[in-house]
Amino acid sequence: MKALVVSDDINFLKQACTLVNGKAEYDAVYVGEGRVSGVGASTLYTVKKGTPYDAVADGILEIMGNYDIIVAGSTEFGREVAGYIAGKTGYYAATEIFSLEFSNGKAKTKRFFYGGKTVIEEESDAKVFTVAPGVIEAKEFESKPEEKDLPIKPSKVRVNKVVPKNAGGVRLEDAKIIVSVGRGIGSKENISKIEPLVNAVKGELAGSRPVCMDYGWLSEDRQVGLSGKKVSPKLYIALGISGQIQHIAGMRNSKTVIAINKDKNAPIFQECDYGIVGDIFAIVPKIVEELKK
Ligand SMILES: Cc1cc2nc3c(=O)[nH]c(=O)nc-3n(C[C@H](O)[C@H](O)[C@H](O)COP(=O)(O)OP(=O)(O)OC[C@H]3O[C@@H](n4cnc5c(N)ncnc54)[C@H](O)[C@@H]3O)c2cc1C
């Protein structure tokens with residue numbers, strides 16, 4: 001079994017390589033800048049950052065004969081590449097997986113369903129896979145891959161205009177500590193009352209969908225959940241978040257979860273390691289005080 005692992009994001013590339021390592025021999029394609037190490041691949045194809053997905057996918061199709069499966073990190077780019085390859089080859093694609101095994105020529109995959117409440121185990125003829133973000137702890141592998149250029153064809157996509165998102169470019173997926181606020185924060189102005197805690201724990205600020213999307217109290221790239229970022233920090237502090245499954249889907253891989261909510265029946269208390277029933281505005285300053293000691 002030989003796999004080609006693809007990503008335009010070094011962390012996603014390492015997560016996908018970690019999934020494949022030990023199950024198949026593999027090469028990697030990295031679309032980006034900088035030195036790549038620790039992926040464990042035999043051959044590393046590097047492609048210039050910003051190369052359109054169809055040009056990369058066409059390049060992969062040129063060398064596809066050398067590989068049994070394609071595994072892409074599930075960034076927007078990775079999903080485009082995987083979709084393009086599956087469409088062109090007619091191969092079945094298994095998407096957003098977090099587990100991959102092979103038995104009797106079949107792929108056995110696992111992925112979350114119903115907003116992360118259920119795990120679906122599937123057996124299929126899939127040859128194209130996307131790896132769900134943030135659900136696999138990326139490992140470093142020793143290797144000195146042979147470096148090659150991927151054959152790149154002209155893109156058929158013409159970009160007429162790029163409208164940059166108004167966002168701070170935060171990478172919650174890499175954060176070790178996240179302080180996340182929900183509708184219980186009450187207003188945009190109240191977020192400043194949480195910032196001393198964010199600073200004290202040296203964390204990243206995140207939020208639920210109402211906070212990031214509906215009210216715009218935080219930027220969209222700080223949203224955690226099914227339709228937001230999938231995070232896996234060592235510590236996730238949920239403040240005034242009820243704990244609906246769509247939110248849990250984004251943070252259930254956190255190592256330790258602390259929740260503060262004034263409703264003792266809030267579902268978040270089923271998902272946390274430490275729960276405090278009470279008002280965030282009364283409790284957070286006390287925690288900050290203790291941390292300062
Ligand atoms: C297709 C789809 C995708 C979705 N994707 C996402 C997603 O990616 N991420 C996401 O978060 N949601 C997502 N949602 C929305 C999700 O269903 C919930 O509506 C949302 O998570 C609720 O956000 P919340 O917990 O901030 O608000 P609420 O459910 O309103 O909870 C607020 C909580 O704050 C508590 N509270 C209020 N005041 C205080 C106080 N002073 N001190 C302490 N506690 C207080 C309340 O008791 C309550 O439990 C999605 C929904 C759909 C349909």
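This is a predicted model: local features need pLDDT of at least 70, side-chain atom pairs count only at pLDDT 80 or more; totals for chains, interfaces and linings use all residues.
**Exercise 1. Find which helices supply at least two residues each to the shell around the ligand.**

- Three helices pass: helix 5 (209-214), helix 6 (245-251) and helix 7 (280-292).
- Now look at the shell itself, which counts 25 residues; Arg183, Ser208, Ser227, Ser242 and Asn261 come nearest to the ligand.
- Sort the shell by class and you get 14 polar residues, six nonpolar and five charged.

**Exercise 2. Work out which side chains and which backbone put a polar atom by an oxygen atom of the ligand, and how much of the ligand the protein buries.**

Solution. Go through the pairs one by one, keeping N or O atoms within 3.5 Å.
- Gln246 brings a polar side-chain atom to 2.8 Å from a ligand oxygen.
- His247 does it with an N or O atom of its side chain, 2.9 Å from an oxygen atom of the ligand.
- Leu226 uses its backbone instead: a polar atom there sits 3.0 Å from a ligand oxygen.
- Then turn to area: on its own the ligand exposes 980 Å², and the protein buries 76% of that.

**Exercise 3. Describe the largest pocket: what is its volume, and which residues line it?**

- The volume comes out at about 1300 Å³.
- The lining has 36 residues, and those nearest the pocket's centre are Asp8, Thr75, Glu76, Phe77 and Arg79.
- Strand 2 (25-31), helix 3 (76-89) and helix 5 are the elements giving two or more residues to this lining.
- Helix 3 has the largest share, with four residues.
- By class, the lining splits into 16 charged, eleven nonpolar and nine polar residues.

**Exercise 4. Explain why the largest pocket lies between domain 1 and domain 2.**

Solution. Ask which domains the lining residues belong to.
- Domain 1 spans 2-149 and domain 2 spans 172-291.
- Both of them give residues to the lining, so the largest pocket lies between the two.

Technical notes. Residues are numbered from 1 along each chain as its sequence is written. Side-chain values use heavy atoms; hydrogens and water are left out. A residue is near a molecule or strand if one of its heavy atoms lies within 4 Å of it. A polar contact is a pair of N or O atoms within 3.5 Å; within protein, one must be able to donate a hydrogen and the other to accept it, and residues adjacent in sequence count only if both atoms are side-chain atoms. Accessible areas come from the Shrake-Rupley method with a 1.4 Å probe; for residues, only the protein chains shown count as cover. Ala, Val, Leu, Ile, Met, Phe, Trp, Tyr, Cys and Pro count as nonpolar, Asp, Glu, Lys and Arg as charged, and the others, Gly among them, as polar. On a 1 Å grid over the protein atoms alone, a cavity is a set of points where a 1.4 Å probe fits but cannot get out, and a pocket is an open set with protein on both sides within 12 Å along at least five of seven lines; lining residues have an atom within 4 Å of a point. Grid points are joined across faces, edges and corners, and a volume is the space filled by probe spheres set on the points. Domain bounds come from an automatic or database domain assignment.
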